[in-house]
Amino acid sequence: MAAGSSCTIVEYFGGDDGYRCGYCKNEKGNFSHGMWSHAMTVQDYQDLIDRGWRRSGKYVYKPIMNKTCCPQYTIRCHALNFQPSKTHKKILKKMSKFLSKGEISRTLGKETCAPIYTILVSNNSIYSLSPSHPLFLFPFFSRSPSLSSPSGVGADPGRPLCRKAKELRKARRLQKDQKRQVGGGVPVSATSIPTTPVQLNQPKALEEFINESLPDSPLHRLEVRLVPVNDDDPQFMATYEQSAALYARYQMAVHGDTPSECNESEFRRFLCDSPLEMETPPDGPAAGYGSFHQQYWLDGRIVAVGVVDILPTCVSSVYLYYHPDFASLSLGSYSALREVAFTRQLQKQSPKLCFYYLGFYIHSCNKMRYKGQYQPSDLLCPETYVFVPIECCIPSLEQNHYARFNQDPDAGDTHVLKDLGRALVLYRRTVMPYAAYARKRKCSNDEMEVAQYAGLVGQVCAERILLYRA
C-alpha cells in the first residue's frame with residue numbers, strides 16, 4: 001500500500017483523571033492524554049511519537065509531563081553512530097560464549113531435557129551477516145595454582161602458559177613493526193614511497209560482536225525471524241499459539257501476573273492488535289513499514305520475541321518477552337543491541353530510517369535509566385518538541401523530575417504554529433479521505449453514519465490535541 005492512500009481514525013478519551021502509576025505505585029499520580037486508534041498511517045504515528053505519544057496495542061497515549069508523578073521522556077538512539085559500551089560488550093561476549101560453548105550461569109528449568117552446548121546463528125535472519133573473520137581465542141586469565149591441579153601441572157599440560165594482556169599487546173606491536181619493514185630491514189617510513197598510516201586499535205563494530213564465528217557442526221541452532229503482525233500472514237498464524245504461551249509464562253514468572261492477566265485475549269490486545277497500516281513504498285525497507293514480531297528461535301522453539309514498529313525514520317521498540325530459563329543471558333539488553341543492528345541494516349535500504357526508539361526514559365525510576373546507556377541518544381523536550389542530547393538533559397533531571405530541555409525561550413511559539421499545521425493535516429487525512437472512501441465503496445446509510453462519526457471524532461481530537469500542546 002502506498003503512503004497516503006490510507007487514513008488515520010482516532011477517538012479521544014481525555015486525560016483529566018489520575019490513575020495508578022506502574023513505576024512509583026502512586027495510586028492517583030499518573031496523568032496522560034489517551035485516544036483509541038481504529039487505524040493509523042505509519043507517518044502519522046511517526047509524527048505522534050515525535051510529539052511524546054506512544055502506543056500500547058491500539059491505545060495511544062501521551063503523559064501530561066508537568067503533572068504526572070513520573071515524567072516519561074521519549075528517547076531515541078542514533079543507530080548509525082552507536083558504539084557498544086563496556087557493559088554491552090560483556091553482554092555480547094557472554095552470549096557469544098553461550099553460543100559457542102553452551103555455557104550458562106545457572107541451571108535451566110526442569111522442562112529442559114537436553115544440555116545446551118553450542119548454537120549457530122542462522123543466515124536466514126533478515127539482518128544476519130556472514131562472519132567475516134575466524135574467532136581467535138586468547139587466554140585472558142590464568143588459574144590460581146591453589147585452585148587447580150598439583151603444582152607445576154595445569155588443567156591441560158599441552159596448552160601454552162597464560163600470558164598477561166600487557167605482554168600480548170606488546171607482542172602484537174612487535175609483529176606489526178616487523179610487517180611494516182621491507183627488504184634489508186629498512187623501515188617503510190625511511191623510503192621515498194609515501195604510505196597511508198596504519199589505523200591501530202579500530203573499535204570493533206556492533207555487528208562483529210553479534211556475528212562471531214561459531215563451530216562448523218553445532219548441536220543447536222538459533223535464528224531470528226521477522227514476522228509481520230497480520231492474521232493473513234501464514235507464519236504469524238502458525239506461531240501464534242506458541243508465542244502467546246511464551247508471553248504468559250514470561251508475565252507470570254517475571255512480572256507476577258495471574259493467568260487471567262496474561263491470557264490469549266490480553267496477549268492479542270497488548271502485542272498483536274496494532275492500528276498501523278502496513279505500507280511497502282518503493283523507497284522503504286524490503287519488509288515494509290508496520291508492526292512486526294522478531295522471533296528468536298532455538299532448536300525449533302521460540303525462546304524470545306521482540307515487538308517492534310518499523311516507521312519512516314526509525315525502528316520503535318514496543319516490548320520484549322522471553323523464556324525465563326534464559327534470563328541470565330540478559331536478553332532484554334541483547335535484543336536491544338540486535339535491534340540497533342537491525343536499524344542499521346534497514347538504513348541501507350531506506351536512508352531516512354536511522355534512529356532506534358527505546359520508548360520512554362524515566363529518570364525518576366532507577367530501573368528505567370538503563371536506556372540512557374545506548375549512546376549517542378537524545379531526549380524529547382516536553383515543551384518545544386525538539387530532541388536534545390541526553391548528556392545535556394541529565395543535570396536538569398537531577399534537580400527536578402520535570403524539565404524543559406530546550407533553552408531557547410522563543411522556541412515554544414514556533415512549535416505551536418507547527419502543531420496548528422499538524423492539526424489541519426490530521427483533519428484532511430482523517431475526515432475527508434474516510435468519507436470519500438465510504439462513498440466510493442457505496443456503503444449503506446448505517447455505514448455512512450459510522451464514517452461520518454469517525455470523521456467528526458477525528459476532527460475534535462485534532463483540535464483537543466492542539467489545545468493541550470499549546
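Colleague: In which strand is Ser37 found?
Modeller: Ser37 is found in strand E2, residues 32-39. Strands (E, at least two residues) and helices (H or I, at least four) are DSSP runs, numbered from the N terminus. This is a predicted model, where local features need pLDDT of at least 70, side-chain atom pairs count only at pLDDT 80 or more, and totals for chains, interfaces and linings use all residues. Residues are numbered from 1 along each chain as its sequence is written, and side-chain values use heavy atoms, leaving out hydrogens and water.

Colleague: Why does Ser37 count as buried?
Modeller: Buried means under 20% relative accessible area, exposed over 50%, and partly exposed in between (1.4 Å probe, protein chains only). Ser37 counts as buried because its relative accessibility is 0%. Leaving aside residues up to four places away in sequence, Ser37 touches Ile9, Val10, Lys58, Val60 and Pro275 (contact means heavy atoms within 4.5 Å).

Colleague: What is the order of the strands in the open sheet?
Modeller: Strands of a sheet pair through backbone hydrogen bonds, either parallel or antiparallel. Here four strands pair antiparallel in the order E1-E2-E4-E3 (pairing needs at least two DSSP bridges between two strands). The edge strands, E1 (9-14) and E3 (54-56), each pair on one side only. Five bridges join E1 to E2, and Gly14 has Gly34 in E2 as its bridge partner.
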